[in-house]
Amino acid sequence: MGHAIESMAVLQGHTIVCTIDNDADWDRSSDAVRQADVAIEFTTPTTAVGNIRRCFDIGIPVVCGTTGWTAQLPELTEECIHRNLALFVASNFSIGMNIMFMLNEYLAHIMAAHPDYSVGITETHHIHKLDAPSGTAITLRDQIAQEISGEINITSIREGEVPGIHTVTYESHNDTITLTHSAHNRNGLAQGALAAAEYLVGRKGFFTMRDLLQQ
């Protein structure tokens, strides 16, 4: 994702002041980081929070697309607001996927009146993805749980270089209803992350893709 975002950012006329992959990069790039208008964070669940806090400490707004650390999100959100900083978090930055989130909410609201349908989620990603289920699948599940009680199973599949496929399935004895989003590449995610970065400049507070799409 970092390479995809960097390539698209340059094409759109943005300047990359530095890229950081490890602690040594943080030390080498300390001056360059301070020149940034915004940081875009796509790393791992174990390093994301530390990276966000490092940016907070020097007052740089952060767009974070790393998943698998949401248990710490309430703490980071409170810290962001208390310190008058800026944080934009999404489990998926694809515009298309976020439209699916809206459809998922609406469909779950309708299906709540039809308990003869069972609901499940399947997500498929490349073999390099570290967290399972995906943050996107968890978001879909949480949205459905707002309307439908009971256990909602998520099936995670890791194969090849699949950018990401998410399917919500409602099944009864008579028929099946499916809602699917299939990413063809990572460009949609990169485009959404850059749109979020542009949106975040000059703002303070905690934001999500809903804020971006409804502006």
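Ground rules: I'm working with a predicted model, where local features need pLDDT of at least 70, side-chain atom pairs count only at pLDDT 80 or more, and totals for chains, interfaces and linings use all residues. Residues are numbered from 1 along each chain as its sequence is written, and side-chain values use heavy atoms, with hydrogens and water left out.

Overall build. I looked up the secondary structure and found nine helices and eight strands in the protein chain (DSSP runs, H or I of at least four residues for helices, E of at least two for strands, numbered from the N terminus). The C-alpha trace spans about 65 × 40 × 30 Å along its principal axes. Of the 215 residues, 41% are buried (under 20% relative accessible area, 1.4 Å probe, protein chains only).

Cysteines. How many disulfides does the structure hold? I found zero, taking a disulfide as a pair of cysteine sulfur atoms within 2.5 Å. For Cys 55, the nearest cysteine sulfur is that of Cys 18, 8.9 Å away. I noted Cys 55 as buried at 5% relative accessibility, and Cys 64 as buried at 0%.

Helix α8. I traced 14 residues, 187-200, reaching 20 Å from first C-alpha to last, close to the 20 Å expected (1.5 Å times one less than the number of residues). Its buried residues include Leu 189, Gly 192 and Tyr 199. Among the elements covering them I listed α1, β1 and α9. Gly 202 follows α8, with a positive phi near 85 degrees.

Terms used. Buried < 20%, exposed > 50% of the residue type's maximum accessible area, 1.4 Å probe, protein only. Contact = heavy atoms within 4.5 Å.
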